[in-house]
Amino acid sequence: MLSRTADHLYWMARYTERAENLARMLDVNSRMSLLPQGAEIVEQGWIATLTIIGLMDAFRQRYDAVTSSNVIAFMAFDRDNPISIYSCLRAARENARAVRGTLTSEIWETLNATWLEMRVASLRSSTEAEVGNFFEWVKYRSHVARGVVQGTMLRDEAWHFTWLGTYLERADSTARILDVKYHLLLPRGEQAGGAADYYQWSALLHSVSAFEIYRRVYRDLITPRRVAELLVLRDDMPRSLRRCMSQVHMHLQSVRNAQSSETERRAGELQASLHFGRIESVFEVGLHEYLVRFLGQTRDLGDRVSRDFLVSATD
Amino acid sequence: MSVTPYDEMHASDGDVREHYKTFASWLARTPSERVAHKRAEADTLFHRVGITFTVYGEDSGTERLIPFDIVPRIIPANEWKHLAAGLKQRVRALNAFTNDIYHSQDILQAGRIPAEQVLCNGQYRPEMQGIDVPGSIYAHIAGIDVVRAGAGEFYVLEDNLRVPSGVSYMLEDRRMMMRLFPELFALHSVAPVEHYPDLLLENLRSVAPSGVNDPTVVLLTPGAYNSAYFEHAFLAQQMGIELVEGQDLFVDDEFLYMRTTRGPQRVDVIYRRIDDDFLDPLVFRPDSMLGIPGLLAAYRAGRVTIANAIGTGVADDKSIYPYVPEMIRFYLGEEPLLSNVPTYVLRRKEDLEYTLAHLPELVVKEVHGAGGYGMLIGPAASKDELAAFRQRILRSPEKYIAQPTLALSACPTFVDAGIAPRHIDLRPFVLSGREVTLVPGGLTRVALREGSLVVNSSQGGGTKDTWVLER
């Protein structure tokens, strides 16, 4: 298939997934900010979120105070912020429009409708309760987009590049969400393992739809080690790093070309390390250090996918 | 001055014409609520599917629907037979003319067309001189605009030989009518048009460079912001070929390739929907971001077919149009089956004088204009507009032609006040390859504003399904 077509499909999927993950992160933080705690802690939460997304500086240039409403305006509705939910849904739709001849009409109509509704939503000023509904809506539209891809698309190269985009983006997002905890401070006088710590970890689980799964799998107290194990190493957890990387590796194998062997090897190596890894060794390196390294590896894979397939370096 | 136009549905005594009788009685017995409901349904469907076109000069990326009218334009079998023969004849002559102009120029030597009219025309491409193209076909896809006037005679208004558009609306209008009113198709034997994409693909494959057995055909689009992008994506999808942009293609050693996820792949035929000027920045406009550097070299080497060929504009220019009947006589030795509209060429002194004296009765067109921009409709123009246009003509008369204002035929059409006659034209699409073919009918455009003669979608025109009856 055309490299440009593959590129549009890959980014259509990445932007759709990114919009969902942004909604997840923002949703959890805005819920946390409603807990009885000092303004300083609320601010810390938002700073941590902006930092791991990499937009702290961009935010500072536009806004003075780190408040819930400012961050949500910036991250959800700001059309000048290229990584806001608004911009991601627009980019997903524009990528789909560029290859609408390759998509089934259901996929195109789904992404088109999402974008049309997003434009309407961006014109309303939202109260805090409505913002919660908005985040739910973003997640819902992402579920619908995935479902229509799953249900209508021919299983050809286009399919593999679409899922490659989805899983690389999701691996990146889960790693960032898990790393938020590293940046969060506990309120003065609170100990690790105390109530505040518990809320932070459980909020983190909620943001990746893993709270109930955690209870089912461990039937026990929430501990950092187990949360990390669930989100890094478990193969049955749909948003875990291991699950994402095994999907990335599988789809890479399906689109293999003359120059992609090194990319495939690196993805396989990373997948193997997650497959055979133990959580103890992760904590020996330090979870934060481990995640920073992982993010570097997924970024490298993304660059290599672009080079090998999407902007074919063959002339 | 108001002449009653030819009415497609009613004879002058008010009776419904034979070929409209079945439809008229269906309309009379169908409750108006049902028809209204179906019209609303058509709107919703067109919107949801995103069958839109982009309007230039409004906010960037404004996507609009072309209004669709549910009263079909019906053409009886015998009329179509005559029309189809005339259209094929015309396109054969136009292809022969283009081939001649870029080779031995016999028609100029014979003095049938003034040489400077052709060779000094902005649409003449000296780069094409002496290049042989497969089958000597230049206009593989021709959109010939036909109107009816007077007592119902057909006239050719314009030949579109560069990148004619609109065929997707012909196909979508038919799909919509069959969906909304299946019972009408049980009552009439309407000739099918749905196989157009197959015919087009076969036609494009038949003109591949010699020696290529299983040619790869692509559709080249300027991109998603072009006004006709929907049509480009639609046709590529229907034919099952890649929709490419200039950046997807490159030329290496005079072969054309597309960039794919598995490396470069040879391309043999380009169905291009980009103007000549933008095709190859090394030869034409150097600032073009839409084209492919080196394409003309590959073309000259006979490694790729471009459809339509480069340089067809010389045959569809409005200043060349008056000579088409002469081309038919010269190349085919036949009398034209379809008439031209009488045309005054303002570079001629006597034509200019006549035109200036009769401006309020005439339609004046720019020779390179397209899409209904830059034209004057005398009877509809105000005094100031007439005066302003007169100045423009006097500044450079060679840029204009003039024609009598035709009383275009009218077809009953749904408007706010109910059903009323509105002026229509017809654009059939003629394909030339191993043979010359066309699907029965074409795109009928309708001027929705009362009294308006301008059917272009950019100027408030709509479309109708076009039925050619098989008996």
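Colleague: What makes residues of α2(A) count as buried, and which are they?

Modeller: In this predicted model, the buried residues of α2(A) are A:Gly45, A:Trp46, A:Ala48, A:Thr49, A:Leu50, A:Ile52 and A:Ile53, and they are called buried because each has 20 or more other C-beta atoms within 10 Å of its own. These buried residues pack against α1 (3-32), α3 (56-62), α4 (68-77) and α8 (157-183) of chain A.

Colleague: How do you know what span to expect of helix α2 of chain A?

Modeller: The helix covers residues 39-53, which makes 15 residues, and the expected span is 1.5 Å times one less than that number. That gives 21 Å, and the helix reaches 21 Å from its first C-alpha to its last, so the value is close to the expected one. After α2(A) comes A:Gly54, whose phi is positive, near 90°.

Colleague: How many residues does each chain bring to the contact?

Modeller: Chain B brings 22 residues and chain A brings 20 residues. On the side of chain B that touches chain A, the elements that each supply at least two residues include α2 (32-49) and α9 (229-239), and the residues of that side divide into nine nonpolar, six polar and seven charged.

Colleague: Why are β14 and β16 of chain B said to stand at the edges?

Modeller: In the open sheet of four strands, ordered β14-β17-β15-β16 with antiparallel pairing, β14 (344-345) and β16 (375-377) each have a single partner strand, so one side of each is left without a neighbour in the sheet.

Colleague: What makes β14(B) and β17(B) a pair?

Modeller: Pairing requires at least two bridges, and these strands have two, in the antiparallel sense, so they count as paired; B:Tyr344 stands opposite B:Ala402 in β17(B).

Technical notes:
Residues numbered from 1 in each chain as written. Chains lettered and ligands numbered in written order. Predicted model: local features only at pLDDT ≥ 70, side-chain atom pairs only at ≥ 80, totals over all residues. Buried ≥ 20, exposed ≤ 12 C-beta atoms within 10 Å, placed from the backbone. Contact = placed C-beta atoms within 7 Å. Nonpolar A, V, L, I, M, F, W, Y, C, P; charged D, E, K, R; others polar.
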